[in-house]
Amino acid sequence: MKLKKSIFLVVACLLTCSVASAQKLYAQEYPLWEGDKAPTSNGITTPEVRYVDHVDNVSKATITLYVPEKSCGIAVLACPGGAYENVWDAHEGHQMAWYYMNQGITLAVLKYRKPCGQRQIVIDDVQQAMRFMRAHAQEWGYTKVGVQGCSAGGHLASTAATHYVDAATRPDFQILLYPVITMDKSFTHMQTRENFLGKNPSQELVDMFSNEKQVTADTPPAFIAHSSDDVAVSTRNSLDYYAALQSKGVSASLHIYPTGNHGWGFRDDFIYKPQWTAELAQWLRTLL
């Protein structure tokens, strides 16, 4: 693939982080679809809107790379949340760059398109992003590529982990933070469901993209974290997915914290941040 890229220092307010680092923090942003030739379109023609911590009205997908000076051989593709309405790519994406780079891990932040009820749009984007990461693995120095997702991004990440179409699109591991997993009305996040499947999906579609029902023995291993008091996304999403992974013999690490509610990402005000980041770092080391 012929790449167009822009190199820039990321705005400091998007990358405020408590971890000191000697690494130079540069981001390289690439269009996900060369020449905007995506196989699907969400029909949005008005401009994208950038806020301090998220972006709205996305019609052109991009991938932003943070490559460490010395790679440990792992890359993480981050899918921020936003109920499939917008993309909260600051604390659920870019702010994690130092954390990963200090471990020698390449971070890729996916800015996926708004699906507008057309599920295939975001599925195409995450699968194309996996192909992109695989295609450049030798260039950027990693052999394993995993997917990370927060909230609705957790649904997209778990969809990547359970609906891959070939070896190139299959993640080697999955990291799910307070994820939406199911499309079942009784415990899904309804805005996420409607933006992904539309208002009146068939039961067949609901079951197909209730990812706790799509786990197989070949589903990649998972690190899952959630807060007991999450009022937006029920912990049952994480619990049922963990149980499904266990039932198929897939390695999984589940962490449920007493408080924190929803959407903490890499924010410092989440009191269990030192704990979950240390636990994730330890789990990632097992992949090596």
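Helices (H or I, at least four residues) and strands (E, at least two) are DSSP runs, numbered from the N terminus. Keep that in mind as you click around. What you have open is a predicted model, where local features need pLDDT of at least 70, side-chain atom pairs count only at pLDDT 80 or more, and totals for chains, interfaces and linings use all residues. Residue numbers start from 1 along each chain as its sequence is written, and side-chain values use heavy atoms, with hydrogens and water left out.

**Stop 1: helix 7**

Select residues 236-247. That's helix 7, with twelve residues. From its first C-alpha to its last it reaches 16 Å, close to the 16 Å expected at 1.5 Å a residue (the expected span is 1.5 Å times one less than the number of residues).

Now colour Asn 237, Ser 238, Tyr 241, Ala 244 and Leu 245, which are buried. Buried means under 20% relative accessible area, exposed means over 50%, and partly exposed is in between, using a 1.4 Å probe and protein chains only. Look down the axis of helix 7: its buried residues fall within an arc of 130 degrees, so they line one face of the helix. (The arc is taken from the directions from the helix axis to the C-beta atoms.) Among the elements covering these residues are helix 4 (152-162) and strand 10.

Step past the end of helix 7 and you'll meet Gly 249, whose phi is positive, near 75 degrees.

**Stop 2: two positive phi values without glycine**

Go to Ala 83, in the loop between strand 6 and strand 7 (86-87). Phi here is near 60 degrees, a positive value in a residue other than glycine. Ala 83 counts as buried, at 9% relative accessibility.

Next, pick Ser 151, in the loop between strand 9 (144-150) and helix 4. Ser 151 is not a glycine, yet its phi is positive, about 55 degrees. With 9% relative accessibility, Ser 151 counts as buried.

**Stop 3: helix 8**

Select residues 273-286 for helix 8, which has 14 residues and reaches 20 Å from its first C-alpha to its last, close to the 20 Å expected at 1.5 Å a residue. Which residues of helix 8 are buried? They are Lys 273, Trp 276, Thr 277, Leu 280, Ala 281, Trp 283 and Leu 284. Down the axis of helix 8, these buried residues fall within an arc of 165 degrees, so they line one face. On the other side, Pro 274, Gln 282, Arg 285 and Thr 286 are exposed.

What do the buried residues of helix 8 pack against? The partners include helix 1 (97-101), strand 8 (105-111) and strand 12 (252-257).

**Stop 4: rings around Tyr 257**

Show the side chains of Tyr 257 and Phe 270. The structure holds 18 aromatic pairs, and these two residues form one that is edge-to-face, 6.0 Å centre to centre with 75 degrees between the planes. Rings of Phe, Tyr and Trp (its six-membered ring) pair if their centres lie within 6.5 Å; planes under 30 degrees apart count as stacked, over 60 as edge-to-face and the rest as tilted. Both Tyr 257 and Phe 270 are buried.

Tyr 257 and Tyr 272 are stacked, 5.4 Å centre to centre with 20 degrees between the planes. Tyr 257 lies in strand 12 and Tyr 272 in the loop between strand 12 and helix 8, so the pair ties together parts that are 15 residues apart in sequence. Ring pairs link these residues into a cluster that also includes Tyr 178, Trp 264 and Trp 276.

**Stop 5: the core**

Finish with Ile 63 and Met 133. Of the 51 residues in the largest nonpolar core, these two touch the most other members. A nonpolar core is a set of buried Ala, Val, Leu, Ile, Met, Phe, Trp, Tyr and Cys residues joined through side-chain atoms within 4.5 Å. The largest share of this core, seven residues, comes from helix 2 (residues 119-135). A second, separate core of 32 residues includes Cys 150, Tyr 257, Ala 281 and Leu 284.

Key
Contact = heavy atoms within 4.5 Å.
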